[in-house]
Amino acid sequence: MPGISLDKLAQQVRGEIVASTDVSSVLVAAVAALDAAGPTDVTFVSTEKHVLSAVDSDAAVIIVSQAYEQISRPQLLVDSVDQALIETLALFAPQLLAPA
């Protein structure tokens with residue numbers, strides 16, 4: 001499944017990548033819920049109560065409004081998680097064609 005680079009996703013949502021490792025080869029192919037996200041998915045943490053679940057996430061990247069030291073996965077720091085999620089969903093939404 002093709003995806004987009006984490007750098008391109010960061011540009012699209014005007015976010016800053018926070019990661020302790022090189023993420024230049026990370027590709028994101030879908031949006032998933034925190035508990036279901038896999039290694040090519042982007043997910044999100046919109047409230048502090050979900051941070052502990054994010055610690056165990058297998059997501060490629062987690063969209064956050066503040067960096068969380070306890071999350072080892074790459075984080076995409078944005079001003080508004082909700083707005084970034086809407087923009088990310090739009091990137092991966094299937095293109096619908098008008099009936100002929």
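Where is the place of Arg14? I looked it up: Arg14 sits in the loop between α1 and β2. (Helices are DSSP runs of H or I with at least four residues, strands are runs of E with at least two, and both are numbered from the N terminus.)

**Ground rules.** I'm working with a predicted model, where local features need pLDDT of at least 70 and side-chain atom pairs count only at pLDDT 80 or more, while totals for chains, interfaces and linings use all residues. Residues are numbered from 1 along each chain as its sequence is written, and side-chain values use heavy atoms, with hydrogens and water left out.

**Entry 1: Arg14.** I checked the backbone and found a positive phi of about 55°, although Arg14 is not a glycine. (Exposed is over 50% relative accessible area, buried is under 20%, and partly exposed is in between, with a 1.4 Å probe and protein chains only.)

**Entry 2: salt bridges.** How many salt bridges does a search of the whole structure find? I got 1. (That takes a side-chain nitrogen of Lys or Arg within 4 Å of a carboxyl oxygen of Asp or Glu.) Here the side chains of Glu87 and Arg14 meet, at 2.8 Å from N to O. The pair links distant parts of the chain, 73 residues apart, with Glu87 in helix α3 (residues 81–92) and Arg14 in the loop between α1 (6–12) and β2 (16–18). I noted that Glu87 counts as buried at 19% relative accessibility, whereas Arg14 is exposed.

**Entry 3: helix α3.** I counted 12 residues in α3, reaching 17 Å from first C-alpha to last, close to the 16 Å expected at 1.5 Å a residue. (The expected span is 1.5 Å times one less than the number of residues.) Val81, Ala84, Leu85, Glu87 and Thr88 are buried. They cover an arc of only 165° around the axis, so they lie on the same side of α3. (The arc uses the directions from the helix axis to the C-beta atoms.) On the other side, Asp82, Ile86 and Ala90 are exposed. The buried residues of α3 pack against α1, β4 (30–31), β5 (41–44) and β6 (61–64).

**Entry 4: Asp41.** Next I went to strand β5, where Asp41 lies. Asp41 is buried yet has no salt bridge, and the nearest side chain of opposite charge, Arg73, is 10 Å away. (Lys and Arg count as positive, Asp and Glu as negative; His and the chain ends are not counted.) What does the side chain of Asp41 reach? I found the backbone nitrogen of Gly38, at 2.7 Å.

Note on methods
Contact means heavy atoms within 4.5 Å. Lys and Arg count as positive and Asp and Glu as negative; His and the chain ends are not counted. A polar contact is a pair of N or O atoms within 3.5 Å; within protein, one must be able to donate a hydrogen and the other to accept it, and residues adjacent in sequence count only if both atoms are side-chain atoms.
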